[in-house]
Amino acid sequence: MGNYTSNKIEPESSNNRKFILGIIDVQNDFCKGGSLAITDADDIVAPINKMRFTYINEMHTFVTQDFHPPNHMSFHTTHGKDAFSKIDLKIKINGDELNVTQDLWPKHCVKDTDGADFHPDLIVTSRDIRIQKGTIADIESYSAFGDEFKNKYENTKLNKILKEKKITDIVLTGLATDYCVYYTALDALRCGYHVHLVLSCTKGVKPDTTKKALEDMTQKGVFMYDSVDDFYDYYKNVRNIKK
Ligand SMILES: [Zn+2]
């Protein structure tokens, strides 16, 4: 995936930069044996753990969970259609009427089930900011910030929390590159953050949509790194760390 790391327009180096690690949806249903298992998803757990504890133990971390009610609009079962098909929906929410084309998925990450739990090897601590999304039956929220309408209908308050902490840079990892990571990156850019993506710490649902998402993120200015070590080389420079 090295083609995507050519974005070298580096944001200004400064001691005022404050980074946060974002771990998106590393949950059982998206990993081996889960209802919406992503190929090789389990391979990203070790590098994510390495990222947070071997190198960057000073960094704040947020972890997200897809956390759906059992009748969520993204489940094929809700509409009696095939999984991995699409459906055009007219959604009425908060007095608005929205026309959306929705990808339909196998039932996944239903709140308070094992499938919604974090991968057993993922290190999550009590200091991590925990964000749950997709909690409203009538709207999709791929992004950690909320729905795709600038978080008008579901707002996870992540942006408010990050602004309060004066975060300037979000380092994204997790699942899936072409959906929840992608939409989180777009929202993060819209909210004014520098966005970084570590490619060894993310996997996509399908090759074609993953390629498209990576190209779009690159074009929009997301900084990409092949590995945790590559990210750390960049981070050391910015933070003036001498080891
Ligand atoms: Zn979902």
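The following legends describe close-up views of a predicted model.

Figure 1. Six strands make up an open sheet with parallel pairing, arranged in the order β5-β2-β1-β6-β7-β8. Its edge strands, β5 (129-133) and β8 (223-225), each pair on one side only. From one strand to the next, the twist averages 25°. Strands of a sheet pair through backbone hydrogen bonds, in either a parallel or an antiparallel manner.

Figure 2. V228, F231 and Y235 are the buried residues of α6. Seen down the helix axis, the buried residues of α6 fall within an arc of 60°, and they therefore line one face of the helix. An α-helix has 3.6 residues a turn, so residues three or four places apart point the same way. D233 and N237, on the other side of α6, are exposed. Just after the helix, N240 adopts a positive phi of about 55°.

**Figure 3. The enclosed helix α4.** Of the 11 residues of helix α4 (residues 180-190), 9 are buried, so the helix is largely enclosed by the rest of the structure. The buried residues are C180, V181, Y182, Y183, T184, A185, L186, D187 and A188. Their cover includes the strands β1 (19-24), β2 (60-66), β6 (169-175) and β7 (194-203), together with helix α5 (207-220). G192, which follows α4, has a positive phi near 95°.

**Figure 4. The largest nonpolar core around V195.** This core has 56 residues, and those with the most contacts inside it are L175, A185, V195, L197 and V198. Helix α4 gives the most to the core, with 7 residues. Leaving aside residues up to four places away in sequence, V195 touches I170, L172, A185, A188, L189, V222 and F223. Two of these contacts, A185 and A188, are among the buried residues of α4.

Figure 5. The peptide bond from L175 to A176 is cis, with omega near -15°. A176 is found in the loop between β6 and α4. L175 is also one of the residues with the most contacts inside the largest nonpolar core. Most peptide bonds are trans, and most residues other than glycine have a negative phi.

Figure 6. Strand β3 (residues 86-93) has 8 residues, of which 0 are buried, so the strand lies largely in the open. Strand β3 is joined by 8 bridges to strand β4 (residues 96-103), and the two run antiparallel. The bridge partner of D88 in β4 is T101. The hairpin has 2 residues between the strands, and N94 takes a positive phi near 50°.

Figure 7. Although C109 is not a glycine, its phi is positive, at about 50°. D112, likewise not a glycine, has a positive phi of about 60°. Are C109 and D112 buried or exposed? C109 is buried, because 26 other C-beta atoms lie within 10 Å, and the cut-off for burial is 20 or more. D112, in contrast, has 8 C-beta neighbours inside 10 Å and therefore counts as exposed, the limit for exposure being 12 or fewer.

**Figure 8. N151 in the loop between β5 and α3.** N151 is placed in the loop that leads from β5 to α3 (158-164). N151 counts as buried because it has 21 C-beta neighbours inside 10 Å. Not counting residues up to four places away in sequence, N151 touches F145 and G146. N151 and L122 are 29 residues apart in sequence, and their C-alpha atoms are 28 Å apart in space.

Technical notes
Residues numbered from 1 in each chain as written. Predicted model: local features only at pLDDT ≥ 70, side-chain atom pairs only at ≥ 80, totals over all residues. Helix = DSSP H or I, 4+ residues; strand = E, 2+ residues; numbered from the N terminus. Contact = placed C-beta atoms within 7 Å. Pairing = 2+ DSSP bridges. Axes fitted to C-alpha atoms, helices over the stretch in contact; angles between N-to-C directions. Arc of directions from axis to C-beta. Core = buried A, V, L, I, M, F, W, Y, C linked by C-beta atoms within 7 Å.
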